[in-house]
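Hello,

Here is the structure I promised to pass on. Please take a look, then read my notes below.

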Amino acid sequence: MKEVIDVGLPPLKQPFSWAVKSAGMLFTAHGPVRSDGSIDTGPIEEQARLTFANLQRAVQAAGGTLADVTQVLIYMTDVQDMPAIDAVYREFFEAPWPNRSSAAVAGLVVPGMKIEIVAYAMIPAPHA
């Protein structure tokens with residue numbers, strides 16, 4: 001059974017949930033979406049920081065921490081942004097690092113959006 005997690009972000013005009021939990025596993029995808037639903041199209045550092053903060057928000061809403069994240073898939077529109085993304089990534093994660101894949105893509109849904117991530121986390125069951 002899947003449970004949609006309320007991450008505190010507004011619904012967008014696309015048919016998806018921000019985060020879904022099933023059998024202790026969290027499935028979530030994020031970009032630089034502000035709490036009012038607008039998209040940050042500024043510098044990559046700001047976009048990355050907001051994107052990873054949204055991931056952190058989703059994991060916490062599901063009852064976990066970023067230490068529970070097992071895999072992160074990063075999509076960026078410019079491979080030259082990887083060092084900046086890595087620097088921000090280190091603000092949110094520490095060793096042992098999640099498994100990760102990074103890919104440059106031709107574009108994302110919103111013009112000016114430079115990063116989108118998909119992440120998976122194993123959320124421990126609450127203690128009784």
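This is a predicted model: local features need pLDDT of at least 70, side-chain atom pairs count only at pLDDT 80 or more; totals for chains, interfaces and linings use all residues.

Residues are numbered from 1 along each chain as its sequence is written, and side-chain values use heavy atoms, with hydrogens and water left out.

Helices (H or I, at least four residues) and strands (E, at least two) are DSSP runs, numbered from the N terminus.

Which residues of α2 are buried? In this helix (residues 82–92) they are Met-82, Ala-84, Ile-85, Val-88, Tyr-89 and Phe-92. Seen down the axis of α2, they fall within an arc of 155° (taken from the directions from the helix axis to the C-beta atoms), so they line one face of the helix. Their cover includes α1 (44–61), β4 (69–76), β5 (99–104) and β6 (115–122).

Now the core. A nonpolar core is a set of buried Ala, Val, Leu, Ile, Met, Phe, Trp, Tyr and Cys residues joined through side-chain atoms within 4.5 Å. The largest one has 31 residues. Phe-52, Val-72, Ile-74, Ile-85 and Phe-93 have the most contacts inside it. The elements giving two or more residues to this core are α1, β4, α2 and β6.

Leaving aside neighbours within four places in sequence, Phe-52 is in contact (heavy atoms within 4.5 Å) with residues including Val-72, Ile-85, Phe-93 and Ile-117.

Best wishes

Definitions and conventions
Buried means under 20% relative accessible area, exposed over 50%, partly exposed in between (1.4 Å probe, protein chains only).
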